[in-house]
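Hi,

Here is the structure I promised to pass on. Have a look at it first, and my notes on what turned up follow below.

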Amino acid sequence: MGVSAKSRNTARKNAVYISVTAVIILAVALYIFIKYDAARVLTTISGVNPLFVTAGLSMLFVQLYSESFCYGILLRKAGIKKKLSRLSGYAGTDLFYSNISPAQLAGLPAAGVAMYRDGVSVSASCPCLAAYSMCNRFAALVIASASAAAFPYIIIGAGSALFLTLFVYGAAVNLAIVGLFVVALFSESASRAVIGFVMRLLGKIKFLKISSSQEDIDRISYDYISAAAMMRTSPLTGISVLAVCVFKRIANFAVVYFAYRAFGLGSESFFYIVAVQSVLAVSAESVPIPGSAGVSEAMFTVLYGDIFGARLYIAAMIIVRAMNYFALLLVSGGYSYWLHCSSERRV
C-alpha cells in the first residue's frame with residue numbers, strides 16, 4: 001500500500017470517528033431542542049458577551065502551546081531540538097486525534113507518527129510521549145483531588161449514580177496508569193509483568209483494538225521503562241513537565257469559566273468553576289466514546305445545573321461544547337494538517 005493509499009485510509013477512519021461523534025452530539029442537541037424551547041435557547045446564546053467567548057477560545061491556544069513546551073523539554077532531554085512551530089504541530093496532532101478517538105487512545109500514537117515523519121527517532125519520541133502522558137494524567141488527578149478536598153460538595157452533592165460511577169471509573173483508570181509508571185520508576189521487571197498482564201487483558205476487549213502480541217508488550221514496556229529512567233535520572237525535568245501540565249489542564253478547565261462569565265454571571269469563583277470542570281474531565285475522558293460524546297453533556301447537566309441556573313445551563317452547555325470540542329478540533333486539526341503537509345515535503 002503506497003503512502004497516498006495509507007493517507008486515504010487514515011482520512012476515511014478520521015471521517016468515520018468524526019461522523020460518529022457528530023451524530024451523537026447532534027442527537028443530544030436534537031433531544032435538547034425537542035425537550036426545551038429551541039428559540040429561547042438560541043436567543044440566549046446570541047446574547048453572550050463576545051469578549052469572554054474570545055478569552056475562552058484563547059485558552060485553546062494556551063493548552064496547545066503548553067503541550068508543545070512539554071515536548072520541547074522532553075525532546076531536549078533526549079538530545080533533540082525542534083522549533084516551536086514543529087512542537088505545536090505535534091501537540092495539535094495529539095489533541096486532534098485524542099478528541100476523535102475512544103478514550104483518547106489515538107492521540108499520542110498519532111503524535112509519535114508525526115514526530116517520526118519529522119525526523120525524530122522512535123527510540124527518542126516514544127519515551128518522551130510516555131513521560132508526557134504520565135505527567136498529564138497525574139496533573140488531572142492532582143487538580144481533581146485538590147478540588148474534591150477543597151469543595152467536597154461537588155462529589156457529594158451531585159446525587160447522580162451515573163456521575164459517581166464515571167468519576168470512580170475515570171479516577172481508577174488514571175490512577176492505574178500513573179501507578180504503573182511509578183512501578184516502572186523502581187522496578188523494571190515488575191513493570192514488564194504488569195504491562196504484559198494489562199495489555200493481554202485489554203486485548204480481549206475487541207472494540208478497543210489493542211494488540212497484545214509479545215512484540216507490542218516488549219515495545220511498550222521499553223517505552224515506559226525508558227521514560228521512567230529519564231525522570232529518575234533528571235527529576236527536575238519531571239517536575240518541570242508536571243508543572244506545565246498542571247497549567248495546561250487549568251487553561252483547559254478555564255474555558256467553562258469564561259463561558260460562565262460570557263452569560264453575565266459572576267457569583268462563583270474561577271477556582272470553583274475550574275474545580276467542577278476538573279471533576280467532570282476525570283469522569284468523562286476515559287470513557288471509550290470519541291470525544292466523550294453524550295457523556296460530557298450528561299455530566300454537564302448534573303454538575304452545572306445549579307451553577308448556570310435552569311434558564312441558562314442548556315445554552316451554556318452548547319457554548320462550552322462548541323468551544324472546548326469543536327473549536328479545539330478546528331485549531332488542533334489545523335496545526336496537525338500543517339505539520340503533515342510540511343513533513344511530507346521534508347521526507
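Thr 237 counts as buried because its relative accessibility is 9%. This is a predicted model, by the way, so please read everything here with that in mind. Thr 237 belongs to helix H11, and if you leave out residues up to four places away in sequence, Thr 237 touches Ile 73, Leu 74, Lys 77 and Met 231. Ala 131 is 106 residues from Thr 237 in sequence, yet the two C-alpha atoms are 10.0 Å apart.

Staying in H11, which covers residues 235-262, you will also find Arg 249. Is Arg 249 buried or exposed? Its relative accessibility is 6%, so Arg 249 counts as buried. Its contacts, again without residues up to four places away in sequence, are Asn 136, Ala 139, Ala 140, Ile 143 and Glu 285.

Now the overall picture. The protein is built from 14 helices and has zero strands. Of its 347 residues, 50% count as buried. Taking contacts with a separation of 6 or more, 76% of them come from residues 24 or more positions apart. The exposed surface comes to about 16,200 Å², with 68% of that supplied by carbon and sulfur atoms.

On to the inside. The largest nonpolar core has 85 residues, and the ones with the most contacts inside it are Tyr 71, Tyr 90, Tyr 304 and Phe 308. What does Phe 308 touch, not counting residues up to four places away in sequence? The list runs Val 256, Ala 259, Tyr 260, Phe 263, Leu 265, Phe 300, Tyr 313 and Ala 316. There is also a second, separate core of six residues, including Phe 96, Ile 100, Tyr 325 and Leu 329. Tyr 325 has another feature to look at: the charged end of Arg 321 sits over its ring, 4.8 Å from the centre.

The aromatics deserve a paragraph of their own. The count comes to twelve aromatic pairs. In one of them, Tyr 65 and Tyr 335 have ring centres 6.0 Å apart and planes at 85°, so the pair is edge-to-face. Tyr 65 lies in helix H3 (residues 50-77) and Tyr 335 in helix H14 (residues 313-346), so this pair ties together parts that are 270 residues apart in sequence. Tyr 65 is partly exposed, since its relative accessible area is 33%.

Another pair, Tyr 257 with Tyr 260, is tilted, at 6.5 Å centre to centre and 35° between the planes. These two are three residues apart in helix H11, so about one helical turn separates Tyr 257 from Tyr 260. Tyr 257 counts as buried at 13% relative accessibility, and Tyr 260 counts as buried at 1%. Both belong to a cluster linked by ring pairs, made up of Tyr 257, Phe 258, Tyr 260, Phe 263, Phe 270, Phe 271, Tyr 304 and Phe 308.

Next, the cysteines. How many disulfides does the structure hold? The count is zero. Cys 128 is in no disulfide, and the nearest cysteine sulfur, on Cys 126, is 9.3 Å away. Cys 128 counts as buried because its relative accessibility is 2%. Cys 135 is in no disulfide either; for this residue the nearest cysteine sulfur is that of Cys 245, 5.4 Å away. With 8% relative accessibility, Cys 135 also counts as buried.

Ser 46 is in helix H2, which spans residues 38-46. Its relative accessibility is 60%, so Ser 46 counts as exposed. Ser 46 and Ala 315 are 269 residues apart in sequence, while their C-alpha atoms are 9.6 Å apart in space.

Cheers

Technical notes
Residues are numbered from 1 along each chain as its sequence is written. This is a predicted model: local features need pLDDT of at least 70, side-chain atom pairs count only at pLDDT 80 or more; totals for chains, interfaces and linings use all residues. Side-chain values use heavy atoms; hydrogens and water are left out. Helices (H or I, at least four residues) and strands (E, at least two) are DSSP runs, numbered from the N terminus. Buried means under 20% relative accessible area, exposed over 50%, partly exposed in between (1.4 Å probe, protein chains only). Contact means heavy atoms within 4.5 Å. Accessible areas come from the Shrake-Rupley method with a 1.4 Å probe; for residues, only the protein chains shown count as cover. A nonpolar core is a set of buried Ala, Val, Leu, Ile, Met, Phe, Trp, Tyr and Cys residues joined through side-chain atoms within 4.5 Å. A disulfide is a pair of cysteine sulfur atoms within 2.5 Å. Rings of Phe, Tyr and Trp (its six-membered ring) pair if their centres lie within 6.5 Å; planes under 30 degrees apart count as stacked, over 60 as edge-to-face and the rest as tilted. A charge sits over a ring if NZ of Lys or CZ of Arg is within 6 Å of the ring centre and within 35 degrees of the ring normal.
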